[in-house]
Every structure is written in structure tokens, then in C-alpha cells.
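Please examine the sequence and the three-dimensional structure shown below.

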Amino acid sequence: MSERASESVSQRPARSVGRAQRGRAIRRTRVGTAAVAAALALLAAGCGGSGTIGQSPGGGSEPPANKNLVLLPGVKAEPFYISMQCGAQEEAAKLGYQLDTQAPDQFEAALQTPIVTGVLATRPAGVLIAPTDDVALANPMTQLKDAGIKVVEVDTRLQDESVALSTVSSNNEQGGRLAAQTVAQLVGDTGKVMVLNTKAGTSTTDARAKGFEEEIANHPGITYLGQEYTDNQPSVAAQKITAKLSSDPDLAAVFATNLNTGEGAATGLRNAGKTGQVRLVGFDASPNQVEDLRAGEVSALIAQDPATIGRQGVEQVVAAIEGRPVQREIQTDLIAITQADMDANSQYFYKTAC
Amino acid sequence: MIDTEVGAPAQRTAAQRLAGASTFWIALVLVALCVLFSVLRPDAFPTLFTLQTLLIEASVLLVLAVGMTFVIITAGIDLSVGSVLVFSGVVAATFMESLSGGDASGAGVGVVLLGLVAALAGGGVWGLVNGLLVARARIPPLIVTLGSFGAALGAAQLITDGVDVRTVPRVLRDGLGFGQTGQVPHMVALAAVVTLAGAWLLHTTRFGRRTFAVGSNAEAARRAGIPVRGHLVRVYTGVGLLSGLAGFMSLAYFGTTTISGHSTDNLNAIAAVVLGGTSLFGGVGTVFGTVIGVFIPAVLTKGFVIVGVQQFWQPVAISAVLVAAVWFDQVRRRSRDRR
């Protein structure tokens, strides 16, 4: 739908400009030729430079002259990724590396791909990436790999396991199972429950929902109403949960698989006057969610350990750069935090700044 | 639309005029959808609860779409509304935080009102910049607002370091976000006031007539003595102000600035306006149509979840209804114009 709207919009200016453009066509061609020639000259100069004269300052005497790492989180400004960045930066500094972070405005393959290809041009020694789609990012990440850049996946992963050297992630399926157990506990093993998921095709959240579905089946007293996708928009999450409350007013619990869905669900429940009555289990522990847990809008949070993911990701990528063996698969622990034990678990709360 | 009807033959009956109104058939689609869902789930769909939540959830988009109606009638477009919404919310939230020394949760009504002023100012400034660039610098509105779409979001992230502002005054959340008087949620009342004011401004005042005139033929409007540039600046500033208000409402509703959650607001607003019978080529449109256009997707989303439609069908069906409704409207118009 969105593409259709933007297309019909873009037709209009083009039509009014068309006539004027035709008049200038001849002059433009000449300018265009000059530009192409200039670009070719630059390109030739660039290629020549790197091929013959340009030597790295170290001259190859110390093994890894390139000490640059890049972290490519899935989206800007999520406390989860900021905490990961903090952990990664700390570890990189300790190992004597430089870590730069570049994130897209949205969790969207179309926005992350140009960032990946942009990073490719800067030739860092290693890249830590949270791919925003398990298939769409395979190509650009393969380009990184083919350029000799060491690639380690953090948080999310590709379906194709041959691209990255190592994957450091939360055991999301176990997180989903933990959520199901927490839900069952909260509702006393009886009642209707549902899942609010983000976008279909996101490996982490799909794994959480899968783990939840598998575990909830072990609780015969609980009726599972299935999942709804929210496009990762809080407003859609609010819409869907109030709609579900219309059809099933006796809804007992909701498992929201990430931050935006959780916030939308909390708003929808509050709107419906069902806060606390419908148990909301969120995923992640960003400051807002921790506040909501404290205030009772959320009954429990399933927290990951992003700082550890970042630290271990850096460890792995540095090991690869320095020619030491890497571990293909690392899974970090998740933990369920309820209102009662939240103060004891404050080390798991996510940060908004390092 | 209304303008063209003025010249219609007087012998047409009221029923004929009604059937000829551009919004009539679209409104019928909305009614039909409501009836359909009510028949499928009589216990769940036609309830006060569904109505209330439906209205609240559409309030923010409605305010954006009313402003968008004016812009599209001038044959313009504003892609920046969602980002300006986020920017205004961020400005208001950080301003309220700074007024109350870091944590605005316990702030009073005075601080909230100042926050509202900040939100309106934040939105109005972006609108003014858009308007000046469109009307004075003569850059196509698509490009201008595509620029401010990115810039406003970036500015919001600069102000907050990209992290959502979370301490929103409780007075604001309980008063506007979740408050209601006699079953009428305050969010809905505010959106209704904005909509009625928009309809009044567009359909009964000189400002509205000029908006239609500029969109129909800017050159003719200029020769008729209408200050076209000044009018465009005012229209874009207006939509900026409304985006600012929408940002404040969103803040009250979500209790956080939801920086990453408004990337498709612009397209939703444009789709609603076009669905409501406003022409993308300008000169034609109604606020009432826009209201219908906002509610058709909202009713579909809600109805599908209540009825339990398999969820990957939902976006397919919503998009199909959007395209079909506009196509239907086009066919009807063409057959009328041939007469």
C-alpha cells in the first residue's frame, strides 16, 4: 500500500517539469559527458594509488595493521543495542581496537543494506552486525566476507550460516519458553493468552514466539489464541490488543515479543482499563519497560544480556582477525524479571548511554 | 467537488445530489464494513468498547489527515508529518522535563500547557520552513517535505541522542491520553474539535475558498488577486501546527516519544485523504471524506483481528479495499463527467 501511494504522488511533479527539461537536454548531455570523464579519471587515480604506491603505514611488520571494527546494530537508539554497543566498545578498547557504530533509522533491510555497502568501502578489519532480515542481508554480508572482512553476527542471524564466522545471540527460543512459563505462573495455569509479534521474518522475535508456542502447549489449562503481527509500530500493537479484547474479553495474558509491541500493548491495556488484570509479559528491559514493571503496567520482563553479546562478539571478531580459532555459536543467558525480584536483577536493565 | 456541484441543474433531487457527492459511496463502504463485522461477531464488534478504542486509536492520524487535506487540495503534498510529529513530541517532552528539573512525571497543568505551546511551536516552525521553500523558493513540495521528513526525524534524534524521552507528566497521560468525560475519551473530543474546525475553515471561509482556488489553478488564482504564495505558506504552516498537536497527543497517549514508530504516518495520512475523495491533483476535496478515509483502514484492522482473519491476509485485504474504493470513485466520476 505504501509503495502505491508514494508512486502516485511522485508522478505529479515529474509531469510539470518534463517540458522544461526537454529544452535543456542538449546542454545537459555535454555536462554529463564531462562528469563521466572526470569520474573515470578519479576512479583510475584511485585504483592506481591503492595498487602500486599506497602502502599501509605499518608496512606489514605487525600482524593486524588495521585495528578498525564496525558495529552495525539493527536500529538506531534502542537501549538494547546501546547496551550492546557499550559492552562492545569496552571490550574493543581493552583489546586495543577502535569500534565505530552505524545503525539505520529503522529496523529495515532496505535501510541497513546501504550502510553495509558503505562500510565495505571503508575496509574495516572486522564487522559485528545484527542483520535486519535473515535472507535480504545475505548478499551485502557476503560482499563483506569476500572483501576479507571478518564478519560476526550479533543478536540476529542469517539463514545462510556460511557467511559469518560466529554468531553471538540470546537463546531466543529459550527466552520464549521462559516467557511461557512466566505467563503460566502469572495466570495460575488457566485462561486465554496471545502473542503480539513484530514483523514476520525477523529471526529473533519469530524464535521467541516459537519457543512460547511450544512451551505453552505443555500447559493444558491455557488456551492459546495465536499471534498477531504489529509491524513494530506501537500504534498497531495497541489497535490489535484492544481488538482482541473485544473478541475475547476474558484474555488473561499477553506476551509481547519486543519493546515497541510491549509499549503499544501497555497503552492498549491501559486504554481498555485492563492494566494488571490482563498480565503483560514483555521482552527486553529498557528503562521505560523497567519503569512500567515498577508501576505494574507490565507483570514480567524477559531480559537479554546485550552487553555480554557485544563483548563476546568483539572477542570473536578479534580472534578471527588475529588468526586464532573462533567459536561458531555462542548463546547468552536470558532471565525473567518480575516486580518482586527486580531490584536484585538491576544489572540486567538496559542502558540509554554508556 | 462542492464547487462543481454549484452549477448543477436545479431540478436534481436531494437523493440524486447525495448519490453524486464524492464521499457518499466511500461512506457507504465504511457503513457496509461496520455492518459486515457486526454480523460476523455481534457480541464483539458493535460494542461501546470497540467504538471507543477505535476512535481513540484513530485520533492522532485524524489530526494529521485533516491538515494533509488542505495541503493536497492545494495540489501539494506533505511527507514530513510523521517526523514533525515525532520532533514536536520530543521538543515538548524535553521542554517539560527541563522545566521540572529532569523528571516531568509529577509536573503540573502549567508545565503541560507550556509543553503544548512548545509542541505547536516545534511543528509550526517546520511547517513554516516547508511553506517558504515551496512557495518562495519554488521547490516541488514532494522534495521539500521529503527533505524535512528526514531532517525533522534527525533533529529529534539529535535532541534526545536518539533515545525516547520517557518522563511524561501524569497529568497529561491521565487527563488527555486516557481521560474521558461521560464515555467520550478526551483524545477523541480533541480530534473531533480539530476536524470540525478544519471543515469549517475549508468549506465556509475565504481561506477555504482560496485553498480550492490555488489548487485548481494557481495562475488563475494569482490573476484573480489571491496571494498564492502567502496562502501556501499559511497552509503548510497550518499542517505543521496540526502535526505538532498530533505529536502532543501521541505523547499523552503512549507516554513516550516513540521516535521509531511513525515512519509510515505520512503515507497513512495521504492514503486516508485520497481514499476520502480528495484529488492528488488539487482543487477537489472534503474534510468529511478524509474522516471516512481515516476510519476505513482502522475499522478493517480492528475487524479482521476480532473476526480472526489469518493475519497475512490483513494487509492484502486492507490494500485491496483502498485501491478498489478509489477505483470505484474514479469510474463513477468519469461516467458523471461524460454526461
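Helix 3 and helix 11 of chain A are oblique to each other, because angles under 35 degrees count as roughly parallel, over 145 as roughly antiparallel, 65 to 115 as roughly perpendicular and the rest as oblique. The axes of helix 3 and helix 11 of chain A cross at roughly 40 degrees and come within 7 Å. Such axes are lines fitted to C-alpha atoms, for helices over the stretch in contact, and the angles run from 0 to 180 degrees between N-to-C directions. Helices here are DSSP runs (H or I, at least four residues), numbered from the N terminus. In general, two packed helices are described by the angle between their axes and the distance between the axes.

The model is predicted: local features need pLDDT of at least 70, side-chain atom pairs count only at pLDDT 80 or more, and totals for chains, interfaces and linings use all residues. Residues are numbered from 1 along each chain as its sequence is written, while chains are lettered from A and ligands numbered from 1 in the order in which they are written.

The domain assignment of chain A, which is an automatic or database one, gives domain 1 (68-169 + 306-331) and domain 2 (172-305 + 340-345). Their C-alpha centres lie 29 Å apart. The contact between these domains takes 14 residues from domain 1 and 11 residues from domain 2 of chain A, two residues being in contact if their C-beta atoms, placed from the backbone, lie within 7 Å. On the side of domain 1 that touches domain 2, the elements giving two or more residues are helix 3 (79-94) and helix 11 (306-321) of chain A. Helix 11 of chain A supplies the largest share of that side, four residues.

Chain A also meets chain B. This contact takes 42 residues from chain B and 39 residues from chain A. Helix 4 of chain B gives the most to the side of chain B that touches chain A, with five residues.

Which residues does A:Thr242 contact, leaving aside its neighbours within four places in sequence? They are A:Gly268, A:Asn271, A:Ala272 and B:Thr53. A:Thr242 is found in helix 8 (residues 234-247) of chain A, and its C-alpha atom is separated by 6.8 Å from that of A:Ala272, 30 residues apart along the chain.
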